[in-house]
Amino acid sequence: MSYFKSIYLFVILPIIALIYNLIPKKRQWFLLLANFVVFYIMGKFRLIFLVLSIISVYFSARFIKKAEDKKEELLKKKDADKKVINEKIKKKKKLILVLCLLFNVAFLVVFKYLNFFSTNINLLLNVFNVNYQFKMIHLIAPMGISFYTLSAISYIVDVYNGKVEAEKSFIKVSLFLSFFPQIMEGPIARFKDTADDLYSGKKIEHNNFILGYQRIMYGFFKKKLIVDRINPLVSSIFNNYASYNGLTIFMGAIAYTVMLYMEFSGTMDVVVGSGQIFGINIPENFRQPFFSKNVSEFWTRWHISLGTWFKDYIYYPISLSKPLKKLTVKLRHKLGNHYGPLISGSIALFVVWFLNGLWHGAGYTFLLFGLYHFIMIAGGNFMGPVFVKLTDKLHINRENIVYRVLQSIKMSLFVFIGEMIFRADTVKDALGMFKGIFTRFSFNFSELSIMGLDIYDYVVIVLSVIFVFVISLLKEKNIDVNDKLSKKKLWIRWIIYYAFILMICIFGAYGPGYEPLDPIYADF
Amino acid sequence: MEKLIEILEDLQPEVDYETNEELIDGRYLDSLTILSLVSEIEDEFDVEIPTVEIIPDNFNSAKKIWALIERLKEE
Amino acid sequence: MKNYLKILIFLIGLAILFEIAAYFFIPNKSNLREFGYFNKTKYEILSEPNNTIDVAFLGDSLVYNGISPMYLWKNYGFTSYDCAGPAATPEEVYKYAKVLVQSQKPKLVFLEADVMYRNSKSLHVYRYKAADIKKYFPLFTFHNNWKQISDDEWINPYKGFKYSNKVSGPNKDIHRKKTKKVQEIESSNREYYEKTIKLLKENGIEVIIMENPTVNWNYRRHNGTEKFAKDNDVEVIDMNVENLGIDWEKDTKDTGIHMNYLGARKVSKFLGDYIVNKNIVPDHRNDKSYDNWNKAYELYQEKLFN
C-alpha cells in the first residue's frame, strides 16, 4: 500500500476528515480509531507490535517519572544522604531505560536483520566446514517499524533526560506514535512536534484543508508524472548495466536519484499535506537538498528527521562522551580548532553512517552506502580548510553565484554515485557500475530509445522536473507557492486547480502499461 | 559574555556574534565546531554541558549560549 | 456549510471537465459510441472492431494476469481477448458475456472457475466495486492517447491483459492434498454461470471451463468444478493439475496468487497449444486486414522491454 493510491487520497482521507469534522467533541478518539483502521486497510495487519511499542514506552516513561518523584520525596527528608539517593534513583532510571530500549530494538532486529545475520553466520559455518545451517525465517516486518521505533526511542530517551515530561495520557502517546499519514514513511516524529496538536482535536479549518490538498496534489504530480514514468528507465539500466555505455549508466544513476527524490519528497508532500488538513504541523523532511554546498549539508536537508535523530541520539552522545571529549581537548591544543575535534567527530560520524546504512536495510550495499558517505563527509571535513585557503589564494569569491552553482553540481555528482550504490542489487553490481562509468566512457543515443520510454516520455519528465526545480528555487528564495496560491481569488484558484488536475490525469503515467512504483522508503 | 565571544571568534571568525541569531540553523557553526566549542566552554567556565542540552535552541546565538552557561553554573 | 457546498460544486465541475476532456481521447474508429456512454470503459472489448475476436477469456484477475492475448497472437495467429475484471462475480461475468456476443462472434470462450467460488457479498468484492467508479470517467482509461492523438486509429497492445514483472513467491511449500471431498458452489453463483453457458452455447460458441494456476486452488475446488462441468456438459481444463512447469517462487507476482509475466507466458503457451489442437481457430498472421494486430504486437514488445 502506498499513500499515492487514489483510494487513499481521494476516498479514505476525505472520509476520515469529514467524519472527524462532524464529530462534536473528543475528536482525538476518532483520530486514534482512524489510525488503526487505516493501518488495517493498508494491508499488513501487524498492529500488535505497534501497540506493544506504545505500551512499553508509555509505561517506561511513567516509571521513570515515578522514580523522579520518589527522589524528590526522599530528598525532602531531614537525614537524607543526597549522594546515595541520587545514585540509587539514577541506577533505577537507567535500568528502566535500557530495558525499554532493548525491548523496542529487539523487534527491529528480529524483523529486519535476523535473516541478514543468519545468512552471514551460515556462510561462516560453511567456511569452517561446520555441518549446521540456521533456518531462514521469512518475516514480514510490521508497517512503519523502522520509523515508529525511532520515534519511540526518542520519546523515552527524552523523558529519561528530562527534556520531555512523561505523558500522563495514554491516548496522547498512542496518537503520537500511530498517526496514519506518518506511520508508513515518517518523518520520524518527536513528541513535542506533533503530540499536542494531535491530542487537541481541533476542528478542521477550511484554509488548512485547502493548503493541505494543494500540497498533496503537488506530491501526486511528482509521483504520477515523474516517478512512474522514469521507473522503467531506471530498472532497465540497473538490471542490465553491463550492456550499456558509461554515460548511460551514469544517466541511470542521475535518473534514480531524481526518482528517489521525487518519490520520497512527494510522499512527504502527501504526509505534510495530510497533517495540515487536521491542523497538525508535521515537520518538513526536505529542504531543497540539491541547492546544498557539499555532501555534508545535503544530508542535513534530505530526510531531515533521520539526520537530526542520528545527530541527537548517536552523534553527540558519542563525540561528547567523556573519553572522546578529553581527546578533543588534548588535540585542540596541538592541532588547532579545525583538526582538534576531527578525530572524535569522525569516530562518531563513522558510527552514524554505519547505523544509517544499516537502518536502510540489512545488506552490504547499504553498508557500502554508509561507508561511502562517511568517507565523503569526513574527507570533506579534512579538506575543508585547504579549499578555503585555495579559493582565497585564487581570489575566488565563495558567495559568487557561479561558484555556488559549481559547488552544487559537484555535490550532486557525489550524491548520484552514493544513490547508485544504494540502488544496486549487490556490492559487486555497484562496483561494476562504478567501473563501467569510467572505463566505457562513451554514449550511444540509440540506447535511450530501447528502454521503454519514447520521446514523449522524455519531454514530460524533463518539463516536470523543471517545474519542480522552479518551485524549489522559489522556496529557496523564501517564496512559498503553496501559500501564495491559497491567497488568490477563488475563481483564479479554481482555474489553476482544474488545469493542474487535468494535467496530472492526462500526462500521468498510469493505466495499462504502467506499473506504479512501490513506495521505496516504506520498506526500510 | 565577552570571554564567550572571544572563544567563538577564535573558532569561527567570519560571523558577527552580537547580532547573529541562527548560528546553528544557518549552518554558521557545524558539528565539529560545536565539539570544540563545548570542550572549550567546559574548560573555561568549569561547567559540564550534558549532550541533551546540545540543541539548536541553546546554541543559535551568543546570548543563548551564555544563558545556557549561566543556567548550568547555577545547577 | 458554505465550505462543504464549495467543495461539492468544485467536484461537480471537475466531473464535467473530465467528461468533456474524455471526448478528445476516446478512439474514433471503434464501436464504443453505439453502446451506452458508461459501458465503453467497463467492457474494454468494445474498443475492438466488431467480429474480429476468435477466442475470449472470461473471468477475474486470474485471467488478466495469466493470459496474454498478444503472446497467443505471435505464436499461434488467432485473436483473443481477456474479458475480466478484478474480483469479478458470476453476475458480472454473465453481463460481460452478453456484451461479448453482441459485438463479437468468437468460436471459443473460456470461463474461469475461480469466479464461482467467490463470496459475492464479501467486503473484498465491494472494495473492488468501489474502485469501479473510475470507469465512469473514460479519461482515465484513454488518457494515454495524447501520444497518438494525431493518429486516427487507436491500438490497444494489451487486449485486456495486465502485464507485471514483479516477482514474489508464496515462500512456502505448496502442499496439495488429494481428496474426494467436493466444494459446494453457492446457488446464485451457479445460476449465473449456467445462464452464461447457455447464452454462449445459443450463440454457437464452444465453452470451456478453465482453472488458472494459483495458490488458492485445492482439490476440493477441482472436484467441485469437474462436477459442475459434467452437469452442464462442457469441457474443463485445470491448469493446476496439468504440468505447465510453473516455478511458484519466480513465476508469481504476489505470494503465488497471480502470475507475473513469466508465469503468464507458461499459461498462455499451454492454452495456445490446447486451442490450436482443436483446429477451429484460423491463423490471421498473414492476413492484411489483421495488420493492426501486428502493429499492436510491436507496441506490446516495446512496453515489455521495461
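Visitor: What is the handedness of the crossing of α5(C) and α8(C) in this predicted model?
Guide: The crossing of α5(C) and α8(C) is left-handed.

Visitor: Why is α5(C) called roughly parallel to α8(C)?
Guide: The axes of helix α5 (residues 90-103) of chain C and helix α8 (residues 187-202) of chain C cross at roughly 15° and come within 8 Å. Angles under 35 degrees count as roughly parallel, and therefore α5(C) is roughly parallel to α8(C).

Visitor: Which residues meet in α5(C) and α8(C)?
Guide: On the side of α5(C) they include C:P90, C:V93 and C:Y94, and on the side of α8(C) they include C:Y192, C:Y193 and C:L199. The residues of this contact divide into 9 nonpolar, 2 polar and 3 charged.

Visitor: How do you know that β3(C) and β4(C) pair?
Guide: Pairing requires at least two bridges. Strand β3 (residues 108-112) and strand β4 (residues 206-211), of chain C, have 5 bridges in the parallel sense, so they pair. C:M210 in β4(C) stands opposite C:E112.

Visitor: What makes β4(C) and β5(C) a pair?
Guide: They have 4 bridges, in the parallel sense, and at least two are required, so they count as paired. Here C:M210 has C:I237 in β5(C) as its bridge partner. Between β4(C) and β5(C) the chain passes through helix α9 (residues 219-232) of chain C, in a right-handed β-α-β crossover.

Visitor: How many residues does the contact of chain B with chain A take from each chain?
Guide: Chain B gives 13 residues and chain A gives 19. On the side of chain B, α2(B) gives the most, with 7 residues.

Note on methods:
Residues numbered from 1 in each chain as written. Chains lettered and ligands numbered in written order. Predicted model: local features only at pLDDT ≥ 70, side-chain atom pairs only at ≥ 80, totals over all residues. Helix = DSSP H or I, 4+ residues; strand = E, 2+ residues; numbered from the N terminus. Right-handed = clockwise from strand over helix to strand, strands pointing away. Contact = placed C-beta atoms within 7 Å. Axes fitted to C-alpha atoms, helices over the stretch in contact; angles between N-to-C directions. Parallel < 35°, antiparallel > 145°, perpendicular 65-115°, else oblique. Left-handed = near helix turned anticlockwise from the far one by under 90°. Nonpolar A, V, L, I, M, F, W, Y, C, P; charged D, E, K, R; others polar.
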